[in-house]
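Please prepare a briefing on the structure shown below.

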There are 2 protein chains.
Amino acid sequence: MSVHVFKLSHVSPCLSCHRLQESLLSSASGYRNYRGVLNWCVVMLVLSNARLFLENLLKYGILVDPIQVVSLFIKDPYNMPAACLVIVSNVFIVAALYTERRLSVGCISERVGLLVHSINLSVTLCFPVTIVLMVKSITPVGGASALGVYTVLFLKLYSYKDVNKWCREMSHAKARNLYYFVFAPTLCYELNFPRSPRIRMSFLLRRLFEMVSSWMIPIIQSSMKPLEVNIIPLSSLSHQVPNHLLWLIFFYWFFHSSLNFIAELLQFGDREFYRDWWNSETITYFWQNWNIPVHKWCLRHFYKPLLKSGVSKWLGQSAVFLASAFFHEYLVSVPLKMLRPWAFMGMMAQLPLAWFVARFLRGNYGNAAVWLSLIIGQPIAVLMYVHDYYVLHYREGSAGGGPE
Amino acid sequence: MSVHVFKLSHVSPCLSCHRLQESLLSSASGYRNYRGVLNWCVVMLVLSNARLFLENLLKYGILVDPIQVVSLFIKDPYNMPAACLVIVSNVFIVAALYTERRLSVGCISERVGLLVHSINLSVTLCFPVTIVLMVKSITPVGGASALGVYTVLFLKLYSYKDVNKWCREMSHAKARNLYYFVFAPTLCYELNFPRSPRIRMSFLLRRLFEMVSSWMIPIIQSSMKPLEVNIIPLSSLSHQVPNHLLWLIFFYWFFHSSLNFIAELLQFGDREFYRDWWNSETITYFWQNWNIPVHKWCLRHFYKPLLKSGVSKWLGQSAVFLASAFFHEYLVSVPLKMLRPWAFMGMMAQLPLAWFVARFLRGNYGNAAVWLSLIIGQPIAVLMYVHDYYVLHYREGSAGGGPE
């Protein structure tokens with residue numbers, strides 16, 4: 001009977017309208033195109049922020065007045081120590097350039113060149129720390145920005161030094177495009193960067209629109225306020241979601257909008273600033289793919305040279321990890337002017353976590369674990385700093401000038 | 001110089017570490033694998049609901065006691081008129097089966113068979129309406145569920161009748177698996193459904209877990225409460241997001257978890273209950289892909305027969321659309337016991353919207369427009385009903401037994 005029916009329904013296909021297949025959301029289907037879900041997230045983000053933006057605009061007015069900021073800077077440059085710090089950084093760029101020029105014509109030996117570069121690089125890292133810790137008027141945000149610029153510069157000049165040395169060793173051509181490299185969205189120096197054929201105006205304007213969308217500031221302001229007020233009870237879960245959203249917005253703003261904007265402007269061709277970290281099924285994959293400029297630099301100028309010098313793979317990885325933890329701490333502790341081990345410990349906590357996820361979780365479960373570590377783990381470290389900062393500054397203030 | 005450098009860097013590939021490429025999030029990259037973003041949504045949903053669930057559990061205790069529900073039903077069946085209605089529906093199934101048996105042996109003519117079927121189908125649609133409108137104790141949720149079951153049954157019996165007629169016309173074998181079809185997650189009858197080879201216990205349990213996750217009830221409860229309280233000011237945007245989330249959860253719960261659970265249990269092979277509507281770039285694509293059982297039925301038993309009978313394509317599409325709008329209205333107005341045109345109008349508003357989106361928006365912008373229409377459009381219709389229902393029931397109540 002069954003065979004009979006099958007034969008018949010084969011003759012008249014309109015009678016059979018089903019076939020053996022899985023639902024798209026079942027993992028067995030192998031379907032993976034969820035571009036629409038990303039759009040949904042963007043729409044939801046824009047909708048909820050549009051409300052927040054309007055509410056904030058009605059309550060507080062425009063929070064940042066660009067003319068006021070510029071006039072403040074022109075009238076009294078000492079009020080903007082962070083901006084001054086950034087301008088001063090040119091000294092280190094010129095020093096590196098000058099050293100390389102000398103080296104290229106053989107005026108100084110390799111040994112002297114290395115010494116000068118080492119001093120220059122060390123000062124690049126230490127000078128801003130001294131200034132940030134000494135100048136009282138510098139704000140945490142200003143300090144962090146300045147230190148960020150100096151860290152990027154340190155990595156770039158280190159790469160510049162390395163590549164020029166490699167060129168001399170191979171008796172290659174020397175290039176003098178250091179300032180292009182300083183502004184280009186990469187940390188790895190190269191003689192001949194791939195260039196995009198032309199500046200696409202529409203692309204540039206779209207990225208610019210994303211960058212300056214001023215609703216970013218009101219969100220930060222309004223989500224920081226309850227954070228400071230409710231800091232003591234630390235009703236933790238509720239703060240982690242906005243923190244995480246801020247991180248996501250920051251990621252998009254910096255790694256997609258800003259770096260692409262700069263790259264388009266400079267016709268810099270390589271736009272791989274991130275890979276598909278959102279699909280990470282292990283913690284390791286996440287760290288290797290969310291920040292490609294730094295990952296590339298670490299691989300090219302730190303990990304591979306270490307391996308070449310005879311260090312074991314495992315030791316090399318640990319060294320990269322420690323260096324990364326050091327810079328995380330450097331960029332947070334110094335601007336806040338308090339040395340706390342939270343960022344460093346947060347980075348170190350990644351090691352057992354990575355082992356656990358890789359060992360016990362696969363596929364979508366691994367991916368969910370990575371997301372969970374981002375949603376919960378990272379904001380905890382942020383909260384620790386905010387808590388300590390609050391206790392240090394506001395408690396003292398209220399104890400000194402408080403009631404009674 | 002440029003050519004010279006290019007040649008050199010070609011010789012030593014370690015010097016060049018960039019290549020011309022787009023960022024993954026740029027539409028030009030053609031990248032579309034965002035499975036991780038879907039996981040992110042699930043993690044965020046679970047996290048925020050876990051909090052809500054705990055809060056509700058602490059505040060209200062367990063809201064639904066399954067033993068109480070069952071004992072209530074056994075003690076006094078008239079208290080559960082909706083469940084009784086569903087049980088009574090067997091009469092219509094048996095009537096259809098009996099009619100087909102008679103037709104297959106030639107006891108009654110095609111004309112009489114069609115008449116009996118038509119009466120049976122009309123009563124299937126009208127009988128529950130009468131009961132729901134007459135029985136005072138029936139709740140809106142119970143009424144909607146019963147009407148939903150009868151609507152599904154109507155579509156199934158219609159398909160059963162059609163296919164059996166086609167079989168007779170082609171002098172095919174007759175199948176008698178009507179009860180399997182009644183429970184199978186499809187609306188299109190077929191002589192020989194594709195079957196999955198075995199019941200996968202892990203798949204079944206995962207779907208069951210998703211289905212019974214009891215946190216669903218607390219969300220609905222807690223998101224309905226502020227809805228009723230703040231109904232008059234209708235500070236609209238803020239309510240649309242939870243409404244939309246409820247719809248998304250309902251979609252997953254019904255079209256993925258429940259239908260797959262039933263299908264796995266019945267070894268029903270065709271699991272295409274939805275297609276990738278989340279990537280819809282036009283309103284039309286959304287309506288053709290979010291509810292495949294209904295879409296398939298409409299195509300097979302309504303649109304194609306209409307075309308065959310000489311109706312134009314445009315008229316056929318309009319007829320399908322009107323029928324769909326009718327059923328939307330039927331499933332909402334009758335259980336609420338108030339005839340309002342909002343669901344019907346909501347469906348009709350899709351026509352100009354679909355034209356607008358298809359005409360002016362492409363790609364991700366079209367997709368964002370579809371999402372926006374879901375996030376904003378649909379909840380507005382829901383709010384209209386809730387508003388009217390509230391005014392009808394609670395205002396009258398408070399006017400009768402209110403203060404003074």
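**Overview**

Chain A has 16 helices and zero strands; helices (H or I, at least four residues) and strands (E, at least two) are DSSP runs, numbered from the N terminus. This is a predicted model, in which local features need pLDDT of at least 70, side-chain atom pairs count only at pLDDT 80 or more, and totals for chains, interfaces and linings use all residues. Residues are numbered from 1 along each chain as its sequence is written, chains are lettered from A and ligands numbered from 1 in the order in which they are written, and side-chain values use heavy atoms, with hydrogens and water left out.

**Chain A as a whole**

- Of the 404 residues in chain A, 42% count as buried. Buried means under 20% relative accessible area, exposed means over 50%, and partly exposed lies in between (1.4 Å probe, protein chains only).
- Among the chain A contacts between residues at least 6 apart in sequence, 71% join residues at least 24 apart. A contact means heavy atoms within 4.5 Å.

**Relation between the chains**

- Chain B is superposed on chain A by a rotation of 180 degrees with 0.0 Å of shift along its axis, and the RMSD is 0.1 Å. This is the relation of a two-fold axis.
- Both copies use the same surface, since 100% of the contact residues of chain B recur in chain A.
- The superposition of copies is by least squares on the C-alpha atoms of residues with pLDDT of at least 70 in both.

**Cavities**

- Four cavities of 30 Å³ or more are found in a search of the whole structure. On a 1 Å grid over the protein atoms alone, a cavity is a set of points where a 1.4 Å probe fits but cannot get out, and lining residues have an atom within 4 Å of a point. Grid points are joined across faces, edges and corners, and a volume is the space filled by probe spheres set on the points.
- The largest cavity has a volume of about 60 Å³. Its lining includes A:H18 from chain A, together with residues of chain B, among them B:P185, B:F268, B:D270 and B:K296.
- This lining of the largest cavity divides into five nonpolar, two polar and three charged residues. Ala, Val, Leu, Ile, Met, Phe, Trp, Tyr, Cys and Pro count as nonpolar, Asp, Glu, Lys and Arg as charged, and the others, Gly among them, as polar.
- The second largest cavity has a volume of about 50 Å³. Residues lining it include B:H18 as well as A:P185, A:F268, A:D270 and A:K296.
- By class, the second largest cavity is lined by five nonpolar, two polar and three charged residues.

**Salt bridges**

- Over all chains, 22 salt bridges are found. A salt bridge is a side-chain nitrogen of Lys or Arg within 4 Å of a carboxyl oxygen of Asp or Glu.
- In chain A, the side chains of A:R207 and A:E210 form a salt bridge (3.1 Å, N to O). Both residues lie in helix α9 (residues 201–212) of chain A, three residues apart, about one turn of the helix. A:R207 is buried, at 5% relative accessible area, whereas A:E210 is partly exposed, at 21%.
- In chain B, B:R207 and B:E210 form a salt bridge whose closest N and O atoms are 3.0 Å apart. These two residues also sit in helix α9 (residues 201–212), here of chain B, three residues apart. B:R207 is buried, at 5% relative accessible area, and B:E210 is partly exposed, at 22%.
- Salt bridges that share partners join A:E22, B:R200, B:E264 and B:R271 into one network.
- A:R271 and A:E264 form a salt bridge, with the closest N and O atoms 2.9 Å apart. A:R271 is buried, at 1% relative accessibility, and A:E264 is buried, at 0%.

**Selected residues of chain B**

- B:P352 lies in helix α15 (residues 342–360) of chain B and is exposed, at 51% relative accessibility. Its C-alpha atom is separated by 13 Å from that of B:F321, 31 residues apart along the chain.
- B:H295 lies in helix α13 (residues 292–308) of chain B and counts as buried, at 18% relative accessibility. Leaving aside neighbours within four places in sequence, B:H295 is in contact with B:W287 and B:Q288.

Key
1 Å grid on protein atoms, 1.4 Å probe; cavity = no way out; pocket = protein on both sides within 12 Å on 5 of 7 lines; lining within 4 Å.
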